[in-house]
Amino acid sequence: MDGKSHTSFENVEIRPLAGACGAEILNIDLAGNLTPEVYEFCNRVLLEYGVIFFRDQDLTPQQLLNFAELWGDIHVHPHQPSLPGAPGVWELIKEPDERMAIGDNWHSDQMFTAEPALGTILYAKEAPPYGGDTMFSNMYMAYDALSAGMKAMLAGVKTLNKYPFERARNRALQQGFKADDIPTVEHPLFRRHPETGRTSLYFSYGGTTRGLAGMRDEESAPIRNYLTWHMGRPEFTCRFRWEVGSIAFWDNRCVNHRAVNDYHGFRRYMQRVTIKGDAVIAA
């Protein structure tokens, strides 16, 4: 994420959004021919900036899947129904009269699974006239900014993670799930990226990361509260303004995100695809 990417694609432009992370890739049509060169180029920019953005795309659900599948197999969410004929593409819709929004706290997707997501792609089909942005945080920077003492104290510590059943209770109950059925999964708090080799903080808000292994709640709570604040520090972040046809693709292995829930009275309709990942590597 040092702003030094270059491309050999004619007319394609990379435009960084913030100093910490995030870049738009302009003048590229993801509905076109997805050659290996498209993957290699986009993946290189993704690894450098953590999250990449595209504008003015017009994709069918299958075309969205075709782009995502360049990175690997698609994760089918256990509690969210897929679109008919497009397994793994599911809808995030907030109606004008709804107040709660999914993902409005800092988190990394699928952290409650043994092999969390490599990345997530979000595609805007309807966007509010204002509000509804998504924020992203560079978790390499979040790790690097910890003091030497904090790094030493937390080295080797694992987090306890669980699906936020409470926020999806109605759907989960309809599918026959109970809170006791949801397993708790451990991950290293400091993880090594399998492609860049860099170390990042790997932590989600309290709805997913419920504690630290080997510690009582009252012991881990101050640490978790601090990390929740720390990972959202403004100097680590970028903010993306959605328009119809916009796409965001973020690397869950080194970037956290949150939806800004400030557009009550308007409809927001997104389509989402999550790419399967591997077991987390401890730093």
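A charge is said to sit over a ring if NZ of Lys or CZ of Arg is within 6 Å of the ring centre and within 35 degrees of the ring normal. In this predicted model, local features need pLDDT of at least 70 and side-chain atom pairs count only at pLDDT 80 or more, while totals for chains, interfaces and linings use all residues. Residues are numbered from 1 along each chain as its sequence is written, and side-chain values use heavy atoms, with hydrogens and water left out.

Two such charges may be located here. K151 lies over the face of Y143, 4.6 Å from the ring centre, and R191 lies over the face of Y202 at 4.5 Å.

The structure also holds 13 aromatic pairs, counted where rings of Phe, Tyr and Trp (its six-membered ring) have centres within 6.5 Å; planes under 30 degrees apart are stacked, over 60 edge-to-face and the rest tilted. The pair of F112 and Y163 is edge-to-face, because the centres are 4.8 Å apart and the planes stand at 75°. Both F112 and Y163 are buried, that is, under 20% relative accessible area with a 1.4 Å probe and protein chains only, whereas exposed means over 50% and partly exposed lies in between. F136 and W250 form a tilted pair, with 5.3 Å between centres and 55° between planes. Y39, F54, F67, W71 and F249 form one aromatic cluster.

With a disulfide defined as a pair of cysteine sulfur atoms within 2.5 Å, the count is zero. The cysteine sulfur closest to that of C21 belongs to C238, and at 3.9 Å it is too far for a bond. C21 is buried, at 1% relative accessibility.
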